[in-house]
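Colleague: Before we discuss this model, could you put it up and take me through the backbone, the packing, the contact between chains and the charged pairs, in that order?

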Amino acid sequence: MGVLQQQVKGNRTLNGRRSLNGEKIFPYLFILPVYIMLFLFVLKPFLFAIFKSFYEYDGIGTNNFIGFQNYVRLFTNDEKFWISLRNLLVFLVGLLVAFPFSVIAAELIFNLKSDRLQGAFRSLIIIPIVVPSVVIYLVWKFIYYPGIGAFANICEMLNVECPNFLGDVHLVKPSLIFMGFPWISGLNFLMSYAALQGIDTSLFEAAKIDGCKTLRRVFTIDIPLIIPQLKALLVLGIIGLMQGYEKMLIVTEGGPQNASLVPGLHMYNVAFKNSPSMFGYACAMAVVLFIITFLLSTLTLKAKKGE
Amino acid sequence: MKRRIISAVLVCTLLVVAMAGCSGKNDSGTGAASEKITLSISFWEAGTNRELETSLKEITDAYSAIHPNVSFKLMSQPVSGYSDWLKARFASNEAPDIIENQTGELSDQFRQGLVLNIADEFNAPNPYADNKVWKDMFMSGRLEAAHEYKYEPTYAVPFMGLGLAYFYNKDIYDQLGLKEPKTWEEFLNNCRVSQENGYNPIAMMGMKDDAVMWLSWWLTTGMYANKYLADKNINVNGDNVIESKEIARAIDLGYFDITKGEARADYEKFLDMIEQLGKYSQGATGLDEAGAKAQYLAGKAVHVMSGSWDLRGFTENKTFRSGAFSLPRFTKNDSETAGDNFAISTVQVFGITKSAEESDAKRAAAVDFMKFFTSPAQYQTFVNTAFAIPVIEGLDIDSSFDAFTAGTYPALNLFTKKGSTSKTTFSTATSMALSGGSYDRDKLIGELDKSLKEFVKDVEAKENVNRENDFGVADLPKQGEYTPTEAYSN
C-alpha cells in the first residue's frame, strides 16, 4: 500500500514536473497562435459589436452610451428590418428548393458506370467553384437587363413583351432565386458525392442481390445514409443566407422598393451608406441576426441529434 | 591673432546660418529643402482610361521637379466603395494627406476636425499664378459649391466641375429630324417621336439611387426652387440653399406638409412628370448605370441622363455620334415659379487632412501643391488629360463642356430627404412612378410623411437642435435675402 501510494505520489510529482518542464505545456504553445488569432480577428470583433450595440457610434467621432435604444428602435421603428426579414424568408424557401439539385447531380454522377465519365462530370461541376461569385452575379444581371439582356433578346425574337425581372417588385425575388440555375453548388455537390462514396459498398451489393432497382436504392439506402451530411450542408446554407448580402448588393441594391432587401444589406447600408454612419445601430442589428442564426442552427442540429 | 581667427569663423558660421534661413523662406512653403516629404493623395477613378491618375502623375512629377524634396504617393481607388475606404482610413488614423471627396462628406469631415482649415491660404497669393490671390482664380460659384454654399472658402479646394446633361444619339436625331430640345415640352416631344419610331427614348438608370435623385434635382430645382427659396418660413436665412435644419424646422412646425396644401400639390405634379418620363423609359427600374449606358451605346435608346464624367467615353464611341444638351428648362407654362440659372452641377473637391499636420513642412507642402495644381498652366494639363469640366478662370476649353456648365445656383434638395431607416423614401416613390405600375398615391404620400417625420428626428439627434432652440436656424451662416431668377423663355 505504502509502495502504491509512493508510486501514485511519484507519478503526480512526475506529471507535475513534466508540466513544469514544458512537456505538457509545450503542445499548447503550438496552438496558442491560432487561439490568439481567433480571439483577435473573430471573437474580439464579435464582442466589440455586442459592446458597441449599446452605443450611438459612428466609427469616427460620436461614441455615446445609449443603453438599449438601438434595440428599441430596431424592434419598434425600423420597418425596413422587418421587410428584410420577410424577404429573407422567401430566399430561405428558395434555398430549400435549390438545395436538392446538388444532391441529385451527385447521385447521377455517382451512379455512372464509367469511372472516366464520373471524373469528367465531377470536374465540370467543381471547376466553376474557382469563378468568383461576383462574376456570376454580373453575368446574370446582364442576362436580366431590359432591352439588351439575353431574355430581352429572346422576347424580341418571339415578339412578346419582356418582363422587367429585376425592376418589378413581384419578380425580383424569384429572379434572384433563379440566378445560378440549375443551382448545383460545387461545395454541396462535393460533400454529397463524398458522403455517397463513404457508404459501405456491401449495402449496394446486398440491395442488388435483393433485386432493388436504382431509384429505390437511392431513396431507401443512399439518401437516409447521407442525411447527417445533408443537414450539415443545410445548416451552412442557412447561415450563409442569413449573413450574405453580396448578391443583392451587386444585382439590385435591395430594390426595387426594398423588395430584395435582406438584413445583411440593411445592416451594411446603415453602417456605411448613412451619413453619419450608424455603426452602433448596425451592431445591434448584427447581434439580433446572430441570435436568429444561432437559434435556427441549434434547431436544425437538434433535429439531427434527435434522429 | 587666435581670437581674430575664432571671431572670423563665428561670423562666417552666423552668415551661413542666416543665409540658410533666408533660402528656407524662399522655398514656396515646402519647408526646409532637405526635409524629405511624401504626400499621399487619394482619389477615385471614374474614367475608364485612368485619366485622373495620368494627369495627377504628370502634375506631381512637375511639382517634384521644382521641389525635389517632395514626392507623392497616388492612391487611386475605384468609385464604388471609396467613401467606405476613406472612413476606414480615418478610423485607423491612416488617412491620406490630400483626399478627393464629395462636398457633403468633406464638409462632415471638416466639422469632425479630420480636414484642415486653410482659410488663410485661400486669401494669400498663389506664387504659381503671378501672385494672384488664390481664391480669385476660381470660376464664379465654384468655391461656394465646394463649401456647399454655406461657408466662406475654408477647407475645400474645387478641382473639377461635375454637371448633369442628357446625352443623345445624333444619328437617330438626324434620322428622325429632331433638334436639341431646350424645354421640357420639346424634350417630351422628341421622346414621343423616338418611341413612335421604335426606339426606347430614355435609357434611365432607375436602379441607381443617385440617378433617381438627379431627376428630383432637375424637376424640383427648375420648377419650384424660386418658390421654396423665397419662402422665409422654409429658407429662413434667405440664401440659395435649404439646409437640413431648415427643412426639419419647416416640417416640424407645419410649414412644409407633404400631405396637404401647396406642398402636396407640388409633389403630385412632380409625380405626374416622373410618370410621363416613365412612359418613355422602358424598363427603367431594372436598369442600373451599366445597363442604361449599355442600352444607349448599343443604339437601342436615344437619350441617357448622365454626368460630365461620361463625356469622353460617349463622345469617343465608334458606333454612333453622341452629343449632349443641358437638362431641358422649365417655362412659365410648366410652373408659375419656374426659374433659370439653376445648376444641376457640383464640384469635386480636395481637402487636406490632419495627417498632413505631421509636420509644419508637410502641411505647407500640401497647401503649396494645391496652389501649384490650380495654377493655369498645370490646370490646363489636367483639363486636357482628364477631360474635366474646369473650375479655374481663363482656360482654353472644349465647347462640348458647355452642356455641363449651366448656372451658378445649387440644386434644390427638397423632395430627397428621408429618415435613416424609413421604408418608403422619395427615391422609392420616384422609382414607383417611373415603373409605370399602379400605386396608391394617398398611401405613398402618407408613407413619405412618416419618412419626413423620421428625418426630423434624425436631424434633431445629429445636429442637437429642436423646437425649443428653433432648430438652430439663427446660427446658420450667410443670412440674406433670396433673389428669384427669371423663368426660361424661348
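Colleague: Where in chain B is D130(B) placed?

Modeller: This is a predicted model, and D130(B) stands out in it with a positive phi of about 55 degrees although it is not a glycine. With a relative accessibility of 76%, which is over the 50% limit, D130(B) counts as exposed. Its place is in the loop between β4 (125-126) and β5 (132-133) of chain B.

Colleague: Is W183(A), which has a positive phi although it is not a glycine, buried or exposed?

Modeller: Most residues other than glycine have a negative phi. The phi of W183(A) is about 60 degrees, and the residue sits in the loop between α8 and α9 of chain A. Its relative accessibility is 17%, and because the limit for burial is under 20%, W183(A) counts as buried.

Colleague: Which kind of peptide bond, cis or trans, joins F181(A) to P182(A)?

Modeller: P182(A) is placed in the loop between α8 (172-178) and α9 (186-197) of chain A, and W183(A) lies in the loop between those helices. The omega from F181(A) to P182(A) is near 10 degrees, and the bond is cis.

Colleague: Is H303(B) buried or exposed?

Modeller: H303(B) is found in strand β8 (residues 301-307) of chain B. Leaving out residues up to four places away in sequence, H303(B) touches a set of residues that includes Y166(B), F167(B), Y168(B), C191(B), P201(B) and F325(B). Its relative accessible area is 0%, so H303(B) is buried.

Colleague: What is the relative accessibility of N235(B)?

Modeller: N235(B) is found in the loop between α9 and α10 (244-252) of chain B. Beyond its neighbours within four places in sequence, N235(B) is in contact with Y228(B), L229(B), V241(B), I242(B), E246(B) and Y482(B). It counts as buried, and its relative accessibility is 0%.

Colleague: About how much area do chain A and chain B bury between them?

Modeller: The contact involves 34 residues of chain A and 32 residues of chain B. On the side of chain A that touches chain B there are 14 nonpolar, 13 polar and seven charged residues. Of the area that the two chains bury, 50% is on carbon and sulfur atoms, and the total is about 2,700 Å².

Colleague: How many salt bridges are counted between chain A and chain B?

Modeller: Between these chains, 14 residue pairs are in polar contact. In one salt bridge the side chains of E454(B) and R73(A) meet at 2.8 Å, N to O. The count of salt bridges between chain A and chain B is six.

Colleague: How many residues apart in sequence are the parts that D272(B) and R441(B) tie together?

Modeller: The side chains of D272(B) and R441(B) meet in a salt bridge of 2.7 Å, N to O. D272(B) is in helix α11 and R441(B) in helix α17 of chain B, so the parts tied together are 169 residues apart.

Colleague: Which residues make up the network of salt bridges that share partners?

Modeller: R441(B), buried at 17% relative accessibility, also meets E275(B) in a salt bridge of 3.1 Å, N to O. The side chains of R264(B) and D442(B) form another, at 2.5 Å, N to O. Salt bridges with shared partners join into one network R264(B), E268(B), D272(B), E275(B), R441(B) and D442(B).

Methods:
Residues are numbered from 1 along each chain as its sequence is written. Chains are lettered from A and ligands numbered from 1 in the order in which they are written. This is a predicted model: local features need pLDDT of at least 70, side-chain atom pairs count only at pLDDT 80 or more; totals for chains, interfaces and linings use all residues. Side-chain values use heavy atoms; hydrogens and water are left out. Helices (H or I, at least four residues) and strands (E, at least two) are DSSP runs, numbered from the N terminus. Buried means under 20% relative accessible area, exposed over 50%, partly exposed in between (1.4 Å probe, protein chains only). Contact means heavy atoms within 4.5 Å. Buried area is the accessible area (1.4 Å probe) that two parts lose on being put together, summed over both. A salt bridge is a side-chain nitrogen of Lys or Arg within 4 Å of a carboxyl oxygen of Asp or Glu. A polar contact is a pair of N or O atoms within 3.5 Å; within protein, one must be able to donate a hydrogen and the other to accept it, and residues adjacent in sequence count only if both atoms are side-chain atoms. Ala, Val, Leu, Ile, Met, Phe, Trp, Tyr, Cys and Pro count as nonpolar, Asp, Glu, Lys and Arg as charged, and the others, Gly among them, as polar.
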